[in-house]
Amino acid sequence: SIAMAKSGSTTVLTLESDFERFHELVESLDAVFWEADARTRTFSFIAGRSDELLGSGAADWPSEGRVWGDHILPDDRKEALEQSRAATEAVQDHSVEYRVRAADGRTIWIRDLVNVVRTTQGPRQLRGLMVDVTERKHAERMRNGCGQPQVERVPRRAAVEQIGDVARRLIPDVYRQALAETHIEPVEEPD
C-alpha cells in the first residue's frame, strides 16, 4: 500500500483495491479488451466478455498464438484486415467494424477501437476494445430500408378512403374543390 499525507490526515491508497476496482469495471462492460503485437498481430492479452462475445475459449487465444483477424467472419475479414493494417502502418489509432460468430451461434457486429502504441521505430503494439454494436447495426438497417420491420398492410382502397375521410374533416373546402374538378359527388357527413 501507499500512504500519502493530506490536510493533516492520512489517506491510504492500496494498489490491490485499485486493481480490484479496475477488474470489476472491465468485467462489467459488455466488451473485450485485448492487446496484440503490431507486426504479427498475435494476441498477447484478452479480458472482459471474450468467451461471451467471441466464443468459448477466446480467453485462451494468447496462449494458443491466435492472430487478430482470425475471429472475423470470412466475408468481412479481408476488408477489416486491410483497413487495420493500413492504419497501423500509418501509426494511426482506428476503428473497424466487422461480424463474428458469437458463443451462442448468432452473428454479431463488433466495433473494434484500436490504439496503436508507438515507439521511435514505429508501431509496437495494438491495444483494442471490441464492443458489440449489433443493435445499432440493426437500427441502421431499419432506418435505411433494409430489413424493414413487419408493418400492417392496409388495402389501397381502404387507405385512400381513410385519407379522404381525414381530408374531408380537416379541409372541407379543398376536399370539395378537388371532387368538383374530378366530377365526383361529395359524401355528406351526417349531422
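**Close-up views of a sheet and its helices**

**View 1. Val-100 meets its partner in strand S6.** In this predicted model, Val-100 has Ile-108 of S6 as its bridge partner. S6 spans residues 107-119 and is joined to S5 by 8 bridges. The two strands run antiparallel.

**View 2. Helix H5 packs on the sheet.** H5 covers residues 134-143. The helix touches S5, S6 and S7. Its direction makes about 120° with that of S6.

**View 3. Helix H4 lies across S5, S6 and S7.** H4 is formed by residues 74-89. The helix runs at about 160° to S5. Strand S7 comprises residues 122-132.

**View 4. Five strands build an open sheet.** The strand order is S4-S3-S7-S6-S5, with antiparallel pairing. S4 and S5 (94-101) stand at the edges. Each has a single partner strand, so one side of each is left without a neighbour in the sheet. On average, neighbouring strands are turned by 20° against each other, direction ignored.

**View 5. Strands S3 and S4 pair in the antiparallel sense.** S3 holds residues 31-37, and S4 holds residues 43-48. Their pairing extends over 5 bridges. Val-32 stands opposite Gly-48 of S4.

**View 6. Arg-41 sits in the hairpin of S3 and S4.** The hairpin has 5 residues between the strands. Arg-41 takes a positive phi near 65°.

Methods: Residues are numbered from 1 along each chain as its sequence is written. This is a predicted model: local features need pLDDT of at least 70, side-chain atom pairs count only at pLDDT 80 or more; totals for chains, interfaces and linings use all residues. Side-chain values use heavy atoms; hydrogens and water are left out. Two strands pair if DSSP finds at least two bridges between them. Helices (H or I, at least four residues) and strands (E, at least two) are DSSP runs, numbered from the N terminus. Axes are lines fitted to C-alpha atoms, for helices over the stretch in contact, and angles run from 0 to 180 degrees between N-to-C directions. Contact means heavy atoms within 4.5 Å.
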